[in-house]
Amino acid sequence: AALAAYQKAAALGSKNLSLLRGLGNTYASLKDYRQAAAEYRKALDVDGQDLSSLINLGWMHYELGEYRESVAVSRRAIEAAPDHPLARYNLALGHLRLGEHDESMAAFEKAFAKDTQRAFVRDVIADLAQAVKDEPALK
């Protein structure tokens, strides 16, 4: 129902940032990462510095196995908000999947330092555990 409502509104040619982000979030929740990424790109066409869209687009690239793109978009998110830990966690995981272990560790350390409430730690640990499971060289 939410998807249909977002799609109908978007079909009207909306340049509403919240609507485009919401549509991206809905596709992401349905695990349609390619379409979610497309919606986040549309949101960034409206506001190229929208932090939520940058972070989410970086994560969609990660979910799609597009780790270089994930790292690039995560860097843009960090430029927009240097103290946001989730952007740094995403960067760290992208570097990890690329085998760039020193860069990954540096990004994790900066993320952990910025995440004073530890709001993202549980999710990141789960993602990190999955990355290690998927990459035998990391064990």
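## Basis of the model

Residues are numbered from 1 along each chain as its sequence is written, and side-chain values use heavy atoms, with hydrogens and water left out. Because the model is predicted, local features need pLDDT of at least 70 and side-chain atom pairs count only at pLDDT 80 or more, whereas totals for chains, interfaces and linings use all residues.

## Overall fold

The protein chain holds eight helices and zero strands, and from the N terminus on its elements run α-α-α-α-α-α-α-α. Helices (H or I, at least four residues) and strands (E, at least two) are DSSP runs, numbered from the N terminus. Of the 139 residues in the protein chain, 42% are buried; here buried means under 20% relative accessible area, exposed means over 50%, and partly exposed lies in between, with a 1.4 Å probe and protein chains only.

Two packed helices are described by the angle between their axes and the distance between the axes. The axes are lines fitted to C-alpha atoms, for helices over the stretch in contact, and the angles run from 0 to 180 degrees between N-to-C directions. Angles under 35 degrees count as roughly parallel, over 145 as roughly antiparallel, 65 to 115 as roughly perpendicular and the rest as oblique. A crossing is left-handed if the near helix is turned anticlockwise from the far one by less than a right angle, and right-handed if clockwise.

Helix H3 (residues 33-46) packs on H4 at an angle of about 155 degrees, with the axes 9 Å apart, so H3 and H4 are roughly antiparallel to each other. Between H4 and helix H5 (residues 67-80) the angle is about 165 degrees and the axes are 7 Å apart, and H4 and H5 are therefore also roughly antiparallel to each other. For H4 and H6 the angle is about 20 degrees, with axes 10 Å apart, which means that H4 is roughly parallel to H6. The crossing is left-handed for H3 and H4, for H4 and H5, and for H4 and H6.

Within helix H4 lies Gly-58, which is buried, with a relative accessible area of 0%. Gly-58 and Tyr-40 are 18 residues apart in sequence, and their C-alpha atoms are 9.6 Å apart in space.

## The largest pocket

Rolling a probe the size of a water molecule over the atoms shows where empty space is left. On a 1 Å grid over the protein atoms alone, a pocket is an open set of points where a 1.4 Å probe fits, with protein on both sides within 12 Å along at least five of seven lines, and lining residues have an atom within 4 Å of a point. Grid points are joined across faces, edges and corners, and a volume is the space filled by probe spheres set on the points.

The largest pocket has a volume of about 190 Å³. It is lined by 13 residues, of which Trp-59, Leu-86, Asn-90, Asp-123 and Asp-127 are the closest to its centre. At least two lining residues come from each of helix H2 (17-29), helix H4 (51-63), helix H6 (85-97) and helix H8 (121-134), and H4 gives the largest share, four residues. By type, the lining divides into eight nonpolar residues, three polar and two charged, where Ala, Val, Leu, Ile, Met, Phe, Trp, Tyr, Cys and Pro count as nonpolar, Asp, Glu, Lys and Arg as charged, and the others, Gly among them, as polar.

Thr-26 has its place in helix H2 and counts as buried at 12% relative accessibility; its C-alpha atom is separated by 9.9 Å from that of Glu-39, 13 residues away along the chain. Tyr-27 is likewise found in helix H2 and is buried at 10% relative accessibility, with 8.7 Å between the C-alpha atoms of Tyr-27 and Ala-37, which are 10 residues apart along the chain.

Lys-31 is found in the loop between H2 and H3, and at 61% relative accessibility Lys-31 counts as exposed. Most residues other than glycine have a negative phi. The phi of Lys-31, by contrast, is near 65 degrees, a positive value in a residue other than glycine.
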